[in-house]
Amino acid sequence: MDHDNLSTLYRQAILEAGEDPHNFGDLLRPTVSTELHNPTCGDVIILQLKISDHIIKDIKFKGQGCIISQASASIMTDLIKGKSLDQAKKLRIAFSQMITDNHFIDNDKLKDALIFKGVRKFPQRIKCATLVWNALEKSIQHVEEANG
Ligand code: ZN
């Protein structure tokens, strides 16, 4: 059964990452740029956000790593673009609950990110899927601290 879940997880993630990942590259003059590493897998994510009036106007990522980390970054950036900082924080919490809590009830707001639900059965992969979300949280903290 776990084997089937793993296959499904990889198949969906590969489909997503197999196309050109969305929002991959550099922003011109980002408001904030955050680099995070996942040493257990070797994933690197550099996340850039352009923020004005508490809205994430644009978002891009760079880096390298496993398919899970890249697919998660592609899907997260699609989901977060155009959201307010408060909405982004709520989505990050929802994603974190989904990936760690067996009693999680599907949150439709997560949209495509729901495909990572199966990752909670594979603890060594949780860090891969959450890396870009952690970079998002750090970026928002940085901006909020800078704004007092
Ligand atoms: Zn990884």
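The largest pocket in this protein holds about 150 Å³ of space. The structure is a predicted model. Lining the largest pocket are K83, Q87, K90, L91, A94, N107, K109 and K111. Sorted by class, this lining has four charged, two polar and two nonpolar residues.

**Overall build**

The protein has 148 residues, and 43% of them count as buried. Its secondary structure consists of three strands and four helices. Followed along the sequence, these elements come in the order α-β-β-β-α-α-α. Contacts between residues 24 or more positions apart make up 57% of the contacts in the protein with a separation of 6 or more.

**The zinc ion**

Which protein atoms are the donors of the zinc ion? They are C41 (SG), D43 (OD), D43 (OD), C66 (SG) and C128 (SG), at 2.1 to 2.7 Å from the ion. Written as a sequence pattern, the spacing of the donor residues is C-x1-D-x22-C-x61-C. C66 sits in the loop between β3 (55-64) and α2 (67-80), whereas C128 belongs to helix α4 (residues 123-146), so this pair ties together parts that lie 62 residues apart in sequence.

Are C66 and C128 buried or exposed? The cut-off for buried is under 20% relative accessible area. C66 has a relative accessible area of 15%, so C66 is buried. C128 has a relative accessibility of 1%, so C128 is buried too.

**A residue in strand β2**

I51 is part of strand β2, which covers residues 43-52. The relative accessibility of I51 is 15%, and therefore I51 counts as buried. Which residues does I51 touch, apart from its neighbours within four places in sequence? The contacts of I51 are with T31, V32, I56, L85 and V143. I51 can also be compared with P30: the two are 21 residues apart in sequence, and their C-alpha atoms are 8.0 Å apart in space.

The table below collects the accessibility values given above.

| Residue | Relative accessibility | Class |
|---|---|---|
| C66 | 15% | buried |
| C128 | 1% | buried |
| I51 | 15% | buried |

Definitions and conventions. Residues are numbered from 1 along each chain as its sequence is written. This is a predicted model: local features need pLDDT of at least 70, side-chain atom pairs count only at pLDDT 80 or more; totals for chains, interfaces and linings use all residues. Side-chain values use heavy atoms; hydrogens and water are left out. On a 1 Å grid over the protein atoms alone, a cavity is a set of points where a 1.4 Å probe fits but cannot get out, and a pocket is an open set with protein on both sides within 12 Å along at least five of seven lines; lining residues have an atom within 4 Å of a point. Grid points are joined across faces, edges and corners, and a volume is the space filled by probe spheres set on the points. Ala, Val, Leu, Ile, Met, Phe, Trp, Tyr, Cys and Pro count as nonpolar, Asp, Glu, Lys and Arg as charged, and the others, Gly among them, as polar. Helices (H or I, at least four residues) and strands (E, at least two) are DSSP runs, numbered from the N terminus. Buried means under 20% relative accessible area, exposed over 50%, partly exposed in between (1.4 Å probe, protein chains only). Contact means heavy atoms within 4.5 Å. Donors are N, O and S atoms within 2.8 Å of the metal (3.2 Å for Na, K and Ca); water is not among the atoms, so sites may look incomplete.
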